[in-house]
Each structure stands twice: as structure tokens, then as C-alpha cells.
Amino acid sequence: MNHLELIEKAKQARELAYAPYSGFRVGAALLTKDGEVFLGANVENSSYPLCMCAERNAIYNAMMHGKKKEDFVMLALSADTVEPCSPCGACRQVIHELLPSDTKIYMSNLNGDIKETTPNELLPFAFSEKDLKK
């Protein structure tokens with residue numbers, strides 16, 4: 001699967017978003033080495049801190065199906081934004097820790113604009129497990 005096909009999967013996942021408060025729907029699709037695709041969409045809650053982003057839903061979905069960090073090869077996300085949709089800070093931290101550093105990440109919008117990046121580019125100077133060691 002190429003990145004354009006994965007972006008289309010992210011757009012399809014976006015249709016599953018539950019966003020009655022903001023109306024801001026985001027979809028994500030995570031590709032694994034064996035060709036499986038795991039989808040995620042944002043899910044809002046009236047208690048805003050309980051909301052979950054599409055990127056984290058896709059990653060956690062894959063992990064709950066037995067996938068591990070070394071299995072992930074590409075992540076795509078899409079939303080109705082002016083520029084390609086970029087992950088929030090919490091998602092950047094999760095992406096940095098749970099995806100390999102060379103994972104291709106494709107941020108897109110509904111107009112066909114795409115930006116390619118990696119976990120390290122998304123979150124330079126990230127807090128990591130090595131920071132927890134004394």
C-alpha cells in the first residue's frame with residue numbers, strides 16, 4: 001500500500017469520528033509490515049479532557065490487536081483543515097514513543113495537500129524512557 005492509499009483510508013476513518021461539540025473530524029490510518037491497516041477517528045466527550053484523538057485511537061487499536069512498535073511502517077491522518085492536519089502535542093508524544101523513529105507520517109487535508117514527516121521531526125527533544133532513569 002502506498003501513502004496515497006493510506007491517506008484515503010484515513011479519510012474514510014474520519015467519517016467514523018464522533019465530534020458533536022467541535023465538528024472537527026479527524027481520521028487516521030496506521031499501516032503495519034504485514035499489510036494490515038488500523039483505523040482511528042477522534043471521539044469527543046462533553047467532558048473535554050476525556051476526548052481521544054484519531055492518531056492515538058489508531059495506534060492503540062493496533063496494539064490491542066497484538067502489534068508492536070517494530071510492526072509499524074506508516075501513519076496517515078486527514079482532516080478538513082487549510083494546511084495538512086498536524087497531530088496535537090499529546091499525540092506527538094505517543095507517536096514518538098510507540099512508532100519507530102523512521103516511520104513515515106503523512107499529514108493531509110481534504111484538498112489533497114500532503115506533508116511528510118517522522119516522529120523525530122514532529123517532536124524534537126522528546127521526553128522518553130531514558131529520561132526516567134537515574
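C51 counts as partly exposed, at 22% relative accessibility; partly exposed lies between buried (under 20% relative accessible area) and exposed (over 50%), computed with a 1.4 Å probe on protein chains only. The model is predicted, so local features need pLDDT of at least 70 and side-chain atom pairs count only at pLDDT 80 or more, while totals for chains, interfaces and linings use all residues. Residues are numbered from 1 along each chain as its sequence is written, and side-chain values use heavy atoms, leaving out hydrogens and water.

**Cysteines**

- A disulfide is a covalent bond between the sulfur atoms of two cysteines; here the cut-off is a pair of cysteine sulfur atoms within 2.5 Å.
- The structure holds zero disulfides.
- The closest cysteine sulfur to that of C51 belongs to C53 and is 8.0 Å away, too far for a bond.
- C88 is in no disulfide either, the nearest cysteine sulfur being that of C91 at 3.8 Å.
- C88 is partly exposed, with a relative accessible area of 33%.

**Helix 1**

- Helices (H or I, at least four residues) and strands (E, at least two) are DSSP runs, numbered from the N terminus.
- Helix 1 has twelve residues (3-14) and should span 16 Å at 1.5 Å a residue, which agrees with the 16 Å between its end C-alpha atoms; the expected span is 1.5 Å times one less than the number of residues.
- Its buried residues are L6, I7, A10, K11, A13 and R14.
- Seen down the axis of helix 1, these buried residues fall within an arc of 160 degrees, so they line one face of the helix; the arc is taken from the directions from the helix axis to the C-beta atoms.
- Among the elements covering the buried residues of helix 1 are strand 1 (26-32) and strand 3 (72-79); contact means heavy atoms within 4.5 Å.

**Salt bridges**

- The whole structure has five salt bridges, each a side-chain nitrogen of Lys or Arg within 4 Å of a carboxyl oxygen of Asp or Glu.
- K11 and E8 form a salt bridge at 3.6 Å, N to O; they are three residues apart in helix 1, about one helical turn.
- E15 and R14 form another salt bridge at 3.4 Å, N to O; E15 is exposed at 52% relative accessibility, whereas R14 is buried at 10%.
- In the salt bridge of K67 with D34, the closest N and O atoms are 2.6 Å apart.
- This pair links distant parts of the chain, 33 residues apart: K67 is in the loop between helix 2 (54-64) and strand 3, and D34 is in the loop between strand 1 and strand 2.
- K67 is buried, with a relative accessible area of 12%.
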